[in-house]
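Hi,

Here is the structure I promised to pass on.

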Amino acid sequence: MTEQELQRHMESVSLQFFHKPFLHRATFNTRLRTTGGRYLLRSHDIEMNPRYLDNFGLAYFIGIMKHELCHYHLHLEGKGYQHRDADFRALLTKVDAPRFCQAIPNTQKMHRYTCITCDTTFLRKRRFDVKKYRCGRCNGQIKYIQEEVLET
């Protein structure tokens, strides 16, 4: 999805669920890590995390858009726009938006090694030259097996 498509989606979701126009900018922010989106109080723009679209799909992403639009419309109307406010919670239930996002599963590349002599296997984040190192258990020769992707 491009930024123009995100803008059009945000405008259409605002009209469909809130019956009010979205008059500011919606952009992607790849630096967001633990949140699905962010409403900016000063500029009234909304930043969205593109990893939620990639991991959970468009339907879940639209739920995050609705959540951020709740902050947006309540703030512009001068009502309680924070998570703890009753106005915010009531609007969330009215438009069926999630209060919090699911955590994105972390994936991490790991390198599997084994000792030729004692068959000890171990994982490392960084790949290293097996000719320069020996097994810490038996001083045997180490062999690189493969790169693995682990979910934590």
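First, the ground rules. This is a predicted model, in which local features need pLDDT of at least 70 and side-chain atom pairs count only at pLDDT 80 or more, while totals for chains, interfaces and linings use all residues. Residues are numbered from 1 along each chain as its sequence is written, and side-chain values use heavy atoms, with hydrogens and water left out.

Let's start with helix 1, residues 3-18. (Helices are DSSP runs of H or I with at least four residues, strands are runs of E with at least two, and both are numbered from the N terminus.) Helix 1 has 16 residues and spans 22 Å from first to last C-alpha, close to the expected 22 Å; the expected figure is 1.5 Å times one less than the number of residues. Its buried residues are Leu6, Gln7, Met10, Val13, Ser14 and Phe18, where buried means under 20% relative accessible area, exposed over 50% and partly exposed in between, with a 1.4 Å probe and protein chains only. Seen down the helix axis, the buried residues of helix 1 fall within an arc of 130 degrees, so they line one face; that arc is taken from the directions from the axis to the C-beta atoms. Gln4, Arg8 and Gln16 are exposed on the other side of helix 1. The cover over the buried residues includes strand 1 (26-28), strand 3 (46-48), helix 3 (58-77) and helix 4 (86-95).

Gln7 is worth a click. This helix 1 residue counts as buried because its relative accessibility is 17%. Its side chain makes a polar contact of 3.0 Å with that of Glu11. (A polar contact is a pair of N or O atoms within 3.5 Å; within protein, one must be able to donate a hydrogen and the other to accept it, and residues adjacent in sequence count only if both atoms are side-chain atoms.) Leaving out residues up to four places away in sequence, Gln7 touches Phe22, His24, Arg25 and Ala26, with contact meaning heavy atoms within 4.5 Å.

Next, helix 3. Of its 20 residues, 14 are buried, so helix 3 is largely enclosed by the rest of the structure. Gly78 follows helix 3 with a positive phi, near 80 degrees.

Asn29 sits in the loop between strand 1 and strand 2 (37-39) and, at 5% relative accessibility, counts as buried. The Asn29 side chain reaches the backbone nitrogen of Arg31 at 2.9 Å and also makes a polar contact of 2.9 Å with the side chain of Glu47.

Strand 4 (residues 107-115) and strand 5 are joined by 4 bridges, and Thr114 has Thr121 in strand 5 as its bridge partner.

Cheers

Key. Two strands pair if DSSP finds at least two bridges between them.
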